[in-house]
Amino acid sequence: MQSVDVLVKGRGAVGSALALSLAAQGLTVGMAESAPAVRADDIRTYALNAASVQLLTELKVWDSLPPDAACPVYDMVICGDASDDQPSGRLSFSAWQQGLRELAVIVDAAALDQQLATALRFSPHVRNVSADTPAGLTALCEGRESAARAALGVGFDAKPYGHSAVASRLVADRPHQGVARQWFAAGGEVLALLPFDRPSPGQSYGLVWSCHQDKANALLALPEADFERALNEATGGAAGLLSLGGTRAGWPLALARADAVSGPGWVLLGDAAHVVHPLAGQGLNLGLGDVAALSRVIAARETWRPLGDERLLRRYARERAVPTLAMGELTDALQRVFANASPAVRGLRNRGLDALDQLTPLKRWLTQRAMGL
Ligand SMILES: Cc1cc2nc3c(=O)[nH]c(=O)nc-3n(C[C@H](O)[C@H](O)[C@H](O)COP(=O)(O)OP(=O)(O)OC[C@H]3O[C@@H](n4cnc5c(N)ncnc54)[C@H](O)[C@@H]3O)c2cc1C
């Protein structure tokens with residue numbers, strides 16, 4: 001069997017971006033995938049940060065996306081949970097105030113998968129291979145249920161939240177103007193509206209409604225009109241009258257982290273290495289950060305050092321340890337603070353949002369971290 005320099009297992013966004021990035025260095029890359037590569041039915045939208053957009057641009061994927069598959073976010077409004085005796089806190093971010101072109105870009109998950117698959121087809125150094133192809137380095141990008149990670153004996157400490165994210169596409173009766181909105185409500189519920197152009201240009205949103213598993217199941221089972229009623233009640237008309245613009249689907253949520261992300265001849269990237277709550281829209285951004293880091297480490301290696309060298313791969317592991325741990329802790333802490341139903345904590349977090357809203361330098365710092373700058 002003909003060997004390759006790098007075997008990439010998993011053809012999600014992370015594995016595909018890694019294959020393109022390593023192939024651009026002239027390495028031969030074999031891709032092994034157990035399921036259909038492009039999930040045309042993925043109704044999610046991803047919020048991507050500046051670092052991810054830059055990587056995808058360098059890989060010649062970003063500029064080939066259909067124009068209505070990516071939509072900039074200029075403003076973001078975050079609201080706490082109001083109660084009869086307390087107003088909700090409010091925190092807002094503006095690209096204009098921070099001298100940025102945009103805070104993030106919302107991209108169609110299926111269109112991104114499609115474009116990555118097209119770029120792979122045209123990459124002369126990438127070929128489809130079987131999972132047992134000999135390789136100098138094996139990169140495991142199989143997502144959170146990675147079988148190859150388990151076969152290596154690497155622990156994956158997963159803490160299920162008992163919550164699911166309900167995703168769909170929405171159409172509003174007025175333009176979104178590039179404003180993303182997020183509500184944190186009792187019990188750790190988080191509802192996000194991400195401005196988008198599909199199905200209706202300038203008036204659509206990607207919905208991510210994270211809530212207790214039972215409520216998520218109920219929301220998925222509701223007739224459309226009842227779902228829309230619940231949605232409009234939860235958003236209080238802030239984004240106009242919202243109606244469904246597509247099907248609904250749910251994803252169970254967890255916080256997880258692999259015990260090790262590298263070893264002799266292997267590395268873990270993306271959700272195979274770490275899973276975070278989608279409330280900050282950072283899971284794929286972290287995975288693409290892994291891709292950029294591993295690519296840099298490989299490009300800078302000593303000429304005599306083999307690709308699977310354990311010490312080389314430890315450089316990658318060290319570089320990714322802090323950002324992935326920090327994002328896991330941050331999203332988990334936010335989820336827990338907002339899951340706390342005590343009136344005292346609720347008042348404190350609402351005042352905290354209001355106070356943070358006045359702290360321009362801290363807001364700028366937070367924005368830059370979220371953008372991967
Ligand atoms: C509702 C929701 C909203 C989200 N929103 C955002 C967002 O706004 N921004 C953001 O950055 N992130 C977001 N995320 C996170 C993001 O979806 C993930 O972090 C990202 O998709 C992980 O990509 P991946 O390639 O690592 O894994 P996956 O997308 O899971 O891909 C893994 C691939 O490996 C394949 N595979 C599995 N087993 C094998 C095997 N044995 N052999 C070969 N192949 C195999 C699978 O078929 C799949 O193609 C969101 C997540 C959810 C659930």
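I started at leucine 112, which touches Tyr46, Leu48, Leu56, Val61, Leu65, Val107 and Leu284, leaving out residues up to four places away in sequence; contact means heavy atoms within 4.5 Å. This is a predicted model, where local features need pLDDT of at least 70, side-chain atom pairs count only at pLDDT 80 or more, and totals for chains, interfaces and linings use all residues. Residues are numbered from 1 along each chain as its sequence is written, and side-chain values use heavy atoms, without hydrogens and water.

Next I looked up the largest nonpolar core and found 58 residues, with Val8, Leu18, Leu48, Trp62, Leu112 and Leu269 having the most contacts inside it. A nonpolar core is a set of buried Ala, Val, Leu, Ile, Met, Phe, Trp, Tyr and Cys residues joined through side-chain atoms within 4.5 Å. Buried means under 20% relative accessible area and exposed over 50%, with partly exposed in between (1.4 Å probe, protein chains only). Helix α1 (residues 13–23) gives this core its largest share, 8 residues.

**Helix α6**

Helices here are DSSP runs (H or I, at least four residues) and strands are too (E, at least two), numbered from the N terminus. Which residues of α6 are buried? I noted Phe227, Glu228, Leu231, Asn232 and Thr235. They sit on the same side of α6, because their arc around the axis is only 130°, taken from the directions from the helix axis to the C-beta atoms. On the other side, Arg229 and Glu233 are exposed. Glycine 236 follows α6, and its phi is positive, near 60°.
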